[in-house]
Every structure is written in structure tokens, then in C-alpha cells.
Amino acid sequence: MSTTTAPDLVPYEDAVARYDTVIGIEVHVELGTRTKMFDGAEVGFGGEPNTQVTPVSLGLPGALPAVNGTAVEYAIRIGLALNCTIAESCRFARKNYFYPDVPKNFQTSQYDEPIAYDGWVDVELEDGSTFRVEVERAHMEEDAGKNTHVGGATGRIHGAEYSLVDYNRAGIPLVEIVTRPIEGAGDRAPEVARAYVQTLRDLFRTLGVSEARMERGNVRADVNVSLRPSPDAPLGTRTETKNVNSFRSVERAVRYEVGRQAAVLDAGGRITQETRHWHEDRGTTSPGRVKSDAEDYRYFPEPDLVPVAPDRAWVERIRAALPELPAARRRRLQGEWGYADAEMRDVVNAGALELIEATVAGGASPAAARKWWMGELARTAKQGEVELADLPITPAQIAGLQALVDAGRINDKLARQVLEGVLAGEGDPEAVLVARGLEIVSDDGPLLEAIDAALAAQPDIAEKIRGGNLGPVGAIIGAVMKATRGQADAGRVRALVLERVNA
Amino acid sequence: MSAELIRRSAADLATALAAGEVSSVEVTQAHLDRIAAVEPAVHAFLHVSGESALATARDVDARRAAGETLHALAGVPIAVKDVVVTEGVPTTAGSRILEGWVPPYDATLVRRLKAARLPVLGKTNMDEFAMGSSTEHSAYGDTHNPWDLDRIPGGSGGGSAAAVAAFEAPLAIGTDTGGSIRQPAAVTGTVGSKPTYGSVSRYGLIALASSLDQAGPCTRTVLDAALLHELIGGHDPLDSTSIAEPLPDLVGAARQGLSGDLSGVRVGVVRELQGEGYQPGVLARFEESLEVLRGLGAEVVEVSCPHFGYALEAYYLILPAEASSNLAKFDGMRFGLRVEPEDGPVTAERVMAATRGRGFGDEVKRRIILGTYALSAGYYDAYYGSAQKVRTLIQRDFAAAFERADVLVSPTAPTTAFRLGEKLDDPLAMYLNDVATIPVNLAGVPGLSLPAGLSDDGLPVGFQVIAPAKADDRLYRVGAALETALESRWGGPILAQAPRLEENR
């Protein structure tokens, strides 16, 4: 089989020079409700297998679903935040297919009547421009259980001795958000894809509808890619790469598919409409099931549920109670902080927005907060190859550090030493300062002692100064700073030296 | 003494229990004795839970002795159709695929029976997954009609109807998707009521067709049906299709009917539910009942429901479509029968196929195939979509008819009980049995069957009363009035004319 060898790839720049890329993205988000979509089973990460189940989520004979009102509210929040129309009435449908992780052998989903439709969201790109992504629909559905294949080589079903099913996840509420074809992104399609998923993730967190932790699979993306010779040509045949579960992978998967499809098209081939698997380790995709052979899901309206008809007044109350959304918040903060566009963009791209906001809330000036996070700390993070937020230091500690500077108790140079101590786990800035004895010497006594010693050691310089030549004062100050291990205020030392010499 | 007890109505037993004339243990034991005596001939039960029934009875007697206030039906035993899930008691729905399955939970209606402390005698036989009109499609053998043991007891709830008719239980629970409570009632000379869709919770009923299924009472009197309906009915948050508003006063309506006055009640005779295909004896009893109703002061009018002629076709698309999906969960993966393929790899898909191949009977397979086809891409609009349109037209027919009449009436079934095996190889003939009951399910309105006498062949005939949705009280008022008048003509209940069953003792 040719699938074992990597297909030819056209270098990305060449591919986008010859083809126009169109993408489409389906994002599934697990809602953070206390119980499941259609029953009272409690939801929790990491429970013992098959402990978070009821007759409903196990699909036992006789069990019936009942819609979780909180899940509907969360779906409406998402719909409103994505500028969608909220359906006056919508229905659930059954998607019928046999698979052991689907306890009823059908998934209860929404088909032709989603709860939210016709929306859009503006996505900010790294250069600070925005790109509008149109949202076709957002609909509610239930998650499937989880299969574990035991005894095979790679945890895949092929070659496995047996399989285990955990139904804890079965029935967890999901909202699936489907974009319209995203056209006009050109060679920036991979970046748009990544920024879109990131925008949604931020939105879910802001809305409080999900923890939206990518690494736990709370947010999962399916990425559709197609190429066409030019933007005015009809849409090309698309592939759907399933379960791309990190921002970086979303970008890479689009890039890879562009290169792969360009190679197929260059060779005069045709793209097969299919789902593809994403291989995180290799950064490639491989064919899954061919769409034209896809099962007939025999959708029909779920007869066990009545239509969901959100009361208009309720929808308006939800709208009124929506928190400030990320884009609006960024605009507000930039205004409050007085950052230039480029500065703000760098802050956002570095993931420093929340950190700076908290630092400012802790009393630091916006300029100082930015200086710390985008300067010393950004360098530290880069060296350690970690995210800024993962550094072992809090915004409150940075605010405390800056307060010491502002109070004149340390200078910038000492502050960097205090920072080093905090990062090394030596405690809060105040504690580090005390423990390391870094406070600026403000008592004149020890300074005068040091000055006298320095003058005595260099009588010729003292003489020159006395004669009115102030040039060599620096040498005395340097000696005093050295003697006090940098903890002296240079201005004060200078004044004392002049006083002493001319006394 | 016990022969006396088993022939009494649930209402009578309730009165006697409340008055302390008899204990629940005595009543329950009398029925268990009767079950032991006649079951070899009737085979109404798939499982008898004598010990737990007696335990409930002892508990009721102790509470009553302690002066506790109990539900009116407390201590009156009941049988439950095996399609209803019962915690700790085997539940098979008449299918091999659920053999040995012991549910970990109770259906809502069972919880209500237990809360009211009715001793549950056991689970009754039925056509597999309630698909059939004769109970011959049970994987566990035929049930025999107590009027003639060579004849069918109706279906799918033949077990519940036969148990009540054979005095094995004063009350039973049935379920009715296209007539499975009413047609068995008709052919066994008993009373069966299919409540308004949503009147009784479906939580814990093993679903056949979700949009049609409804549980209801199987009894020997109209008042008993009202009493049981009131007990099991009412809103249940676990069933989204359950009606939120309270039930009408059903028992009050039945008692009002017993007074025998139907002045001002407009009774509509459905033109399309008589004539060709109906036995002359069935039609004769129907006409006599209309005369009786007129005599009680009712105004009898004729109404037309032109789309009823399409009901059977629409029903046999909607039901299989929903059933094909509802029955998908029976796959050998989580509960019930599991069959591994005899050769070749043991994959999930192959286990599912082998389990379903062995576990389902022919009628179930027939309907799953029909339904899967009807829902397939490219056929959905022509089949399922069209059937739903017919359903809307039938609902409109009912709405128009109820403009002119307070209740509608028809024979319950076109014929009396046929012989076992007679229609087993002719599914269409079998389906035609439900021609008069199916429109009621498609519209979600309530319908009740009560005995209208015996046909020329000496077998019982059923009279169906239909009311608008949520007006179930009208069934009981009209039904009780007609029942009283007919029984005074007959000189007693129709079942008094049934041959006495040979007691196996």
C-alpha cells in the first residue's frame, strides 16, 4: 500500500502561489455542566470507568432522555457570543450508527434544526489585523464513550485482543460549531485556522461554559481543507482532518494538507473526499474513511424529546448577562493602558494580557507591568521554553517587586536580583530582599565610612576634586558602590562625596 | 372464599380491605393460588413473583393494622406486562434477546405502584417487543384466551388481558402502541384503556415506537380502569413527553357514569370504522350498544374521518422507523443475550450481528428491516415524511369530528378472537386487526375498550370509546354508563358467561 510511504509534498510557498486555499472548521466543546446532556449522571474528569452513569447514559432498555437546561443556556451563550440567531424552536434528532461507544447505537444530536445559526466572529491575527469567520451553526449533542483497545501494538483496534468501553464520557453535553467555507485567507489560511480555534477557546472560558482545556480534549477541532486554482473558481474537493487537538496542530494540519493536496493536483490527480487522521508526532495526515462510502445515518427527529423553544425573554436575559468578550476587553484594556498597537499585539501574542492585567490590578503601572512581563520574564520563559503563565511567579509578586522599586528601596539592578530570587523559589520579593540583604543603604553612616575609606585610598583624586575638577568623582562613587555591593543610591553618594571633600 | 375473592373487582377489594373484611395476604394468596391453578392452561405469566407480592401484602396489612392511611388500592394485587422495567425482577419484553436480564431500576409507573403498595404478582406474556396482535410472537410460548383456549388472547398484551379475564389478577398494566391494550381487552371480554399520549410516564417502558407508546390499565370494570389510571398517571420529569398539567378527575367521571345518565352527551359514530371487514356479530353488538347509549340520553351522530383509510399504512412506516432505532441498543455489548460468531473473528460488529440474528424473532426482524429502509437517505421523504403528513391529516380528522361529538365510538376490533396459528403466516391479515385502534395512537388521543356482549360465535366483542386529548375523563363516564346498562341487560358481568377454566389442582 502506498499509504505507508509519505506522499509528495509541494513546499508551502509554492503551493499557495498556485492554489487558493479554502478551509472550514468544526469545533466541538464539552460543556462544563454538573450533569450530562440528557440525564442526571454527574460529570467529572478522571473518574473510575463506568461510575458516572445512569440507566440513561448506559442506554438501558426503558430509559428516556430529558434535556439539561443548563446545557441549553450554555449553548445559547455561545450562540449569542458568536453573533448567531437563536432558534425560536429547535429539535434533537437521532443519528443512527452501530458502535460500542454509543450506548443506544444512535447519538442524540441536532440535525436540521440547530439552536443557533448564521453568526460570525472576528479573529485577530498576529499582525494585529482581524479576519471575519462566518459561523453556519452551533448545535447541541452528546458525547460518546471511550474505547480502549487492549493487546494490540499501538492501542489501535487493529490487532487488539479485546476492547474496553468507559461510558463516563457518554452523554456529556457538547456544542459543535460549524463555520461556513472560510475564503479569502489565502496563504494565511493556516494562521486563520489556528487563530479561530484559539479565539473560540478564549470565548468558551470567558463565557464560563467550559474549562476548554485542549489537553483534556474539552475542545476538539475537525479541519476541512480544499484547494482551487483561483479565488473565483468553484470550491475544490475537501478533506476533513479529524480530532486536531492543539492550536499549533490546527495550523500544521492545514499547512500539511495544502502541500499534500497541491502535490496531488500538480500530478493531475483528484482529491478524494474523505476524513483523514492527524498524526501529531509526524505532523502528517493519513486517509480515514472515504466520505462517499460513509454510513447513512438515517437521521430522524428524536421522538423521546419535545422541541426546545427558548423563551425570548430568557434569551434576552442571557444576552444581557454575557460577560465582556475577549475582543472588546482587549480594546478596552489597550485604551486604559495606553499601549501602542504594536505593543498590545506583542502582549497578546505573548499570552501576557491576563498577567499584565493582574499585575496592574496589584498596583503596578501598565508601563512597568509590561516592562517586566515582556522584558526580563519573556527572556526567562524563552530560555526555559515555557509559557509566561507557567513561570513560577505571580502577577502579585511582580506588582510587589515594582512597589519596592517605586519606593526607592531597590534600584533596577537590585530588582533583577530580587526577581531571580523569587523565580528560584526563595519567596516573595520582600522576603528575598531581606534574605539576600539587597536593600539600598539609605543610612548615611555606612556610606560616609565607605566614602572616607575611598578618599583615603586615593588622595590624588580627592585633591583634584577639591580643586574643582569634578571629573574623577565617578571613580570614588564606583569604589563606594563596590564597597556597598551596589546597595547605595549613586545620587546620594555623589552628594556626600562633594560635601565631604569640601568640608 | 378464594373463588369469591378472585372474581371481585379491584374497587370492591379495596373497599373490603379498607373495612378490614379481608387481608391483603388473603387476597394476594387467592390470586397466587389461581395463577398456580390455571397457568398451565392459560400461560399469561412469564414470571410470577409470589414471595415479594406476599411481602408487600403483609406490609400493607401491618400498616393498616397500625392505623396508617394508605392509598385506596393498597394491598390490591396487580400484574405487569413484561415490557415494563422492574428492578430485580427479570424483564424480557417477550424476547430471547433479553433472556435473563434483571433491570437495575424501576419504571416510573412501577415506582408509583410500589409507593401505593400494590403487591406485584408477576410479569405477563406479550408479543416480542409488543409487535403483534395475538401474543403468538412471544419468544416464550403462546398465551391462551380463557374464553377458548385454542384462540388468541389478542396482542401484544395478551398476557395482561388473559390474566385479568382468567381471574389471575384483578388489575394489570398494559401498553398500547396501536391497540395492544384495547384489542386484547375486546377479545377477552375485559376493559382496557389507552390514555392520552403523555398521560402516563413512558420512563421504564421498553420502547417500541416512542411517539405512539402509552401504558394503561387492563381491568374487568371501567371504574377499576379509572382508579388504576389515576394511580399511574400524571407528570414525570423523567419523560419529556409527559403532560405537565394534572389528570382530569377520572374516578369521579367513572362514578358519574355509573349513575347511568348521559343526557346531552354527543356520541359520534365513525363511518370509516365499520362495514366491510367487520364480522356481522361484531357490528350487531355495536349497534345494540348505540341503542343503549341513546336510551341513556346520549345524542348519537355520524361523523366522517376520511383519512383513517391511510392510517394503517402510515402506522406501518412510523412504527418500524422508530422501532428500528429504539431496538438498536440490543447488541450484546452491555446487557442481555450475547452471541459470539461460530467461526471467524470475534469483533464487536460480528458479535452484534450474531446476537441480533439469534436474539430477535422474525416479526421483529421484519419491522427493523422495514424501518431501516423507510429512514434511509433518498427514501425518508417518500416514506417517513409522507407518513408524518398522514398523521397530521388524521389528527385533523379527529379535531373536526370532536367539533361535532364529545366522544367517538367504534367496534374495537373487526373480529372476535381468531384461532392460534390462523394468521401467523399472514402479517397483513394480522395487521388489519388494529385498523380501528391505530388512528387513536397516531393522533395521541385516549381510547377505551369495554365488552359489548358476545358475537354469534359466543366470543366477546369490544366497544371502543375515543375522547379528545387530555379529556380521558369522558372515556370513563361514557364507558361506565354503557357498562352498567349492558350488565343490567346481561344480568351480570360478561365474564360470568365465560366457560369455567379447569383448575389444575
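1. Of the 503 residues of chain A, 40% count as buried. In chain B, buried residues make up 61% of the 505 residues. Both figures describe a predicted model, and the points below should be read with that in mind.

2. Overall form of chain A. A compact globule of 503 residues would have a radius of gyration near 23 Å, whereas chain A has 31 Å. Along the principal axes, the C-alpha atoms of chain A fill a box of roughly 100 × 55 × 50 Å. Chain A holds 16 helices and 14 strands. Among its contacts with a separation of 6 or more, 68% are between residues 24 or more positions apart.

3. Overall form of chain B. Chain B contains 17 helices and eleven strands. Its radius of gyration is 21 Å, close to the 23 Å that the globule rule gives for 505 residues, so chain B is as compact as a globular protein of that length. The C-alpha trace of chain B spans about 70 × 55 × 45 Å along its principal axes. For contacts in chain B with a separation of 6 or more, residues 24 or more positions apart account for 77%.

4. Domains of chain A. The chain is divided into domain 1 (2-318), domain 2 (324-436) and domain 3 (444-502). The centres of domain 1 of chain A and domain 2 of chain A, taken over C-alpha atoms, are separated by 36 Å. Contact between these two domains involves eight residues of domain 1 of chain A and six residues of domain 2 of chain A. On the domain 1 side, strand 5 (116-124) and helix 3 (189-207) of chain A each supply at least two residues. Helix 3 of chain A gives the largest share of that side, three residues. By class, the domain 1 side divides into two nonpolar, two polar and four charged residues.

5. Contact between the chains. Here 32 residues of chain B are in contact with 26 residues of chain A. Helix 11 (311-326) and helix 12 (348-359) of chain B each supply at least two residues of the chain B side. Helix 11 of chain B gives the most to that side, with three residues. The side of chain B that touches chain A has 18 nonpolar, eight polar and six charged residues.

6. Nonpolar cores. The largest nonpolar core has 242 residues, and those with the most contacts inside it are A75(A) and I78(B). Leaving aside residues up to four places away in sequence, I78(B) touches L113(B), L118(B), V120(B), L121(B), A169(B), L171(B), A172(B) and I173(B). A second, separate core of 26 residues includes L355(A), A369(A), A399(A) and L419(A).

7. Helix 8 of chain B. This helix covers residues 222-232 and is mostly covered, with eleven of its eleven residues buried. Just after helix 8 of chain B, G234(B) takes a positive phi of about 105°.

8. Strand 10 of chain B. Residues 447-454 form this strand, and seven of its eight residues are buried. Strand 10 of chain B pairs with strand 5 (residues 191-194) of chain B in the antiparallel sense over three bridges. In that pairing, G447(B) is the bridge partner of K194(B). Strand 10 of chain B also pairs with strand 11 (residues 460-466) of chain B, in the antiparallel sense over six bridges. There G447(B) stands opposite I466(B). The hairpin of strand 10 of chain B and strand 11 of chain B has five residues between the strands, and within this hairpin G458(B) takes a positive phi near 80°.

9. D346(A). This residue lies in helix 7 (residues 341-349) of chain A. D346(A) counts as partly exposed because it has 17 C-beta neighbours inside 10 Å, while a buried residue needs 20 or more and an exposed one has 12 or fewer. In sequence D346(A) and M374(A) are 28 residues apart, and in space they are 8.3 Å apart, C-alpha to C-alpha.

How values were computed:
Residues numbered from 1 in each chain as written. Chains lettered and ligands numbered in written order. Predicted model: local features only at pLDDT ≥ 70, side-chain atom pairs only at ≥ 80, totals over all residues. Domains from an automatic or database assignment. Contact = placed C-beta atoms within 7 Å. Helix = DSSP H or I, 4+ residues; strand = E, 2+ residues; numbered from the N terminus. Nonpolar A, V, L, I, M, F, W, Y, C, P; charged D, E, K, R; others polar. Core = buried A, V, L, I, M, F, W, Y, C linked by C-beta atoms within 7 Å. Rg over C-alpha atoms; globule rule 2.2 N^0.38 Å. Pairing = 2+ DSSP bridges.
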